[in-house]
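My entries follow in the order I made them.

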Amino acid sequence: MLKLQFLGATGTVTGSKYLLTAGRRRILVDCGLFQGLKQLRLRNWERLPVEPRTVDAVVLTHAHIDHSGYLPLFAKNGFRGKVLCSSATRDLCEILLPDAGYLQEEEAEYANRRGFSKHSPALPLYTQEDARRCLPQLVSIGFDKDVDLGGGVALRLHRSGHIVGAAMAELRYRDLKVLFTGDLGRPNDPLMPPPARIARTDTLIVESTYGDRRHDPADPRVLLAEIINRTIGRGGVVLVPVYAVGRAQSLMYYLRDLKTTQAIPDVPVYLNSPMAVDATRIFREHPADHRLTPEQCQAMCSVATVVNTVEESKRLNSAPAPMIVLAASGMATGGRVLHHLKSFAPDPRNTILFVGFQAAGTRGAAMLNGAHSVKIHGEYVPVRAEVRAISNLSAHADSAEILDWLDGFESAPRQTYITHGEPTAADTLRHRIEEGKRWACRVPDYKEIVELN
């Protein structure tokens, strides 16, 4: 018996969780938090339809919170098995998971202090200590090597090229293969290697974040320089909400290049994310997981002044412009960027620049859709700053790049499931695969169970 249940990343790009039952073994692939719309975030508080103590192992495709951020709660509720992932993913989770717990504690404390929560008292989903307690369960494994999970189940990780350490997870049971792409990277990213080519699988679970669109073919350096120079010309601040892992490093790489070639003035750049600093260290420690030389890593890191303390972060809000501020989080859902938004969003001289996917229900999506104000810490903040996005800085493959990667299969999977995309994106990709490749594919529903025999 081989069954698959979709416990997340259906109808949304967050909450990635897939429960694979192979004989008597239960494997959870990814263990992510839901983000964005309130009805999605509320799922984080719901009881899972599987008891954590009955799951034998967790496999993480990568460290982003929408793929790993539920793990502390999963362990707190009874999971005692191993969490298998790449070495870089393990190291990143040691940074990201305690930080996620800290942010939830901080937001609960702030809500209690300001009295804007409907709950009394407001509680965090889990704490820093909860996150730290689960870290010993993380066990790193190499790429392209078979790992015996017991009960006739084997695991192999393939590079996906999304962020440092990101993997596709191939699980085999008897003579059947199931491949989870996780998040697919791009073929020509300057920092990351392309996704590995896969010859065959029986069942494919493929992401569709950008399944309905193409990235702008223009050089992102040119677009980035235009936005920065325009903002500097009016004496403003460029505020970039960034993912601490992946986009922060890409931005620093491009900013270093733009300054070196004098495409932009030598204005101050601040990296206001201690987590991003730690994540950048992972680049140095895992040179096989990216394209950069040690010299390029050093140059990338040197472009920005690191903002370590909360006091330094607060001082940025009154620092003289022009300047460029990179601050977590990438969809403006939490973290230090919220305090900067309260200061910088009301001023029309400034620019709020998004460089990654903005899930429905997030502040980032609202601002890109023209919202005149966004709610932060219980108060509405006017948005008068210029709001822009550069999609081709994304770490996700677009629709054409996904289809090109699928061309690498020597034979069609028996069934392809389209996940990790909002409804239009997922269904558009389904249609393109069915029409262009004549593969059997469909978009599954939340909590749906399918048999893979």
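**Entry 1: a tyrosine.** I looked up Tyr417 and got 5% relative accessibility, so Tyr417 counts as buried. I take buried as under 20% relative accessible area, exposed as over 50% and partly exposed as in between, with a 1.4 Å probe and protein chains only. Tyr417 has its place in strand 20. My strands (E, at least two residues) and helices (H or I, at least four) are DSSP runs numbered from the N terminus.

**Entry 2: ground rules.** This is a predicted model, and I ask for pLDDT of at least 70 for local features and 80 or more for side-chain atom pairs, while totals for chains, interfaces and linings use all residues. Numbering starts from 1 along each chain as its sequence is written, and side-chain values use heavy atoms, with hydrogens and water left out.

**Entry 3: its neighbours.** What does Tyr417 touch? I skipped residues up to four places away in sequence and found Phe6, Thr203, Leu204, Ile205, Val206, Arg442, Pro444, Val450 and Leu452. Contact here means heavy atoms within 4.5 Å. I also checked Val206: it sits 211 residues from Tyr417 along the chain, yet their C-alpha atoms are separated by 6.3 Å.

**Entry 4: the sheet.** Arg442 in strand 21 is the bridge partner of Tyr417. I count strands as paired if DSSP finds at least two bridges between them. I then traced the open sheet of 7 strands, in the order 7-8-9-10-11-20-21, with mixed pairing. Its edge strands are strand 7 (147-150) and strand 21 (441-442), each pairing on one side only. Helix 13 (residues 399-406) packs on this sheet and touches strand 9 (167-173), strand 10 (176-180) and strand 11 (203-207). The direction of helix 13 makes about 160 degrees with that of strand 11. Axes are lines fitted to C-alpha atoms, for helices over the stretch in contact; angles run from 0 to 180 degrees between N-to-C directions.

**Entry 5: other pairings.** Strand 5 (residues 82-85) pairs in the parallel sense with strand 4 (residues 57-59) over 3 bridges. Ala57 stands opposite Lys82 there. Strand 5 also pairs with strand 6 (residues 138-140), again parallel over 3 bridges. Leu84 has Val139 as its bridge partner in strand 6.

**Entry 6: cores.** Which residues have the most contacts inside the largest nonpolar core? I found Phe74, Leu224, Leu255 and Leu326, in a core of 77 residues. Such a core is a set of buried Ala, Val, Leu, Ile, Met, Phe, Trp, Tyr and Cys residues joined through side-chain atoms within 4.5 Å. A second, separate core has 29 residues, including Ile27 and Ala169.
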